[in-house]
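Dear colleague,

Please find the structure below, together with its sequence. My findings follow it.

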Amino acid sequence: MAPIKDGALDRLATRETFLNPGDIACGFHQEVFGTLLGSCVAITLWHPRRRFGCICHFVLAAVPPSGGADGRYGTSAFALMQRDLVRHGVQRRECIAKIFGGGRMFNTGSMVQDVGARNIDMARRLLADAGMVAAAENVGGNGYRRLFFDVASGDVWLKFDGVGTDQDDVLL
């Protein structure tokens, strides 16, 4: 992890494509994807040679029995990301994976209500089931993260905010 230099996040923000909860995006080196994560989790997949990246922002770990599959759920979001990789001729096994988010937004004291922890577990399981290991993670804690994924370099920039947050902004 490296500290973020003054003005770096502002420069990225001028180029960003912002993802809302449930969004999935992919693109080549000119893209910067941004999002805001609380208990939600983002997975990034980056292909270094092609400078191609894919990101999802999921809200809940798995599709409920009565719900339809879409990007709001980790299980279907990761499947949709893999479909995008295939569509662009990118081999999943050649990608570098990273996981972010899953913050505790409410002090409930109950793991049952800790949506962030369940989302983190799901992201790790999805990567493991795909034969992948996260090269970097910044997960859990309190408050929320502002994320910028620079597809040119594969770097992910994080800015921390929220009550009780004592983390420094980082570059992973």
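Which residue takes a positive phi just after H2? Gly89 does so, with a phi of about 70°.

Before the details, some notes on the basis of these values. This is a predicted model, in which local features need pLDDT of at least 70 and side-chain atom pairs count only at pLDDT 80 or more, while totals for chains, interfaces and linings use all residues. Residues are numbered from 1 along each chain as its sequence is written, and side-chain values use heavy atoms, with hydrogens and water left out.

Overall architecture. The protein has three helices and 11 strands (DSSP runs numbered from the N terminus: H or I of at least four residues for helices, E of at least two for strands). Their order from the N terminus is β-α-β-β-β-β-β-α-β-α-β-β-β-β. Of its 172 residues, 46% count as buried (under 20% relative accessible area; exposed is over 50% and partly exposed lies in between, with a 1.4 Å probe and protein chains only). Among contacts (heavy atoms within 4.5 Å) with a separation of 6 or more, 63% are between residues 24 or more positions apart.

Helix H2. This helix covers residues 74-87, 14 residues in total, and reaches 20 Å from its first C-alpha to its last, close to the 20 Å expected at 1.5 Å a residue (1.5 Å times one less than the number of residues). Its buried residues include Phe78, Met81 and Leu85. The buried residues of H2 pack against strands E3 (24-28), E5 (41-47) and E6 (52-58) and against helix H3 (115-129).

Aromatic pairs. The structure holds two (ring centres of Phe, Tyr or Trp, the latter by its six-membered ring, within 6.5 Å; planes under 30 degrees apart are stacked, over 60 edge-to-face, the rest tilted). The rings of Phe28 and Phe52 are edge-to-face, because their centres are 4.9 Å apart and their planes stand at 65°. Phe28 lies in strand E3 and Phe52 in strand E6, so this pair ties together parts 24 residues apart in sequence. Phe28 is partly exposed at 27% relative accessible area, whereas Phe52 is buried at 0%. Phe33 and Phe149 form a tilted pair, 6.4 Å centre to centre with 40° between the planes. Phe33 belongs to strand E4 and Phe149 to strand E9, so the pair ties together parts 116 residues apart in sequence.

Cysteines. There are zero disulfides (cysteine sulfur atoms within 2.5 Å). The sulfur of Cys26 has its closest cysteine sulfur in Cys54, at 4.9 Å, too far for a bond.

Kind regards
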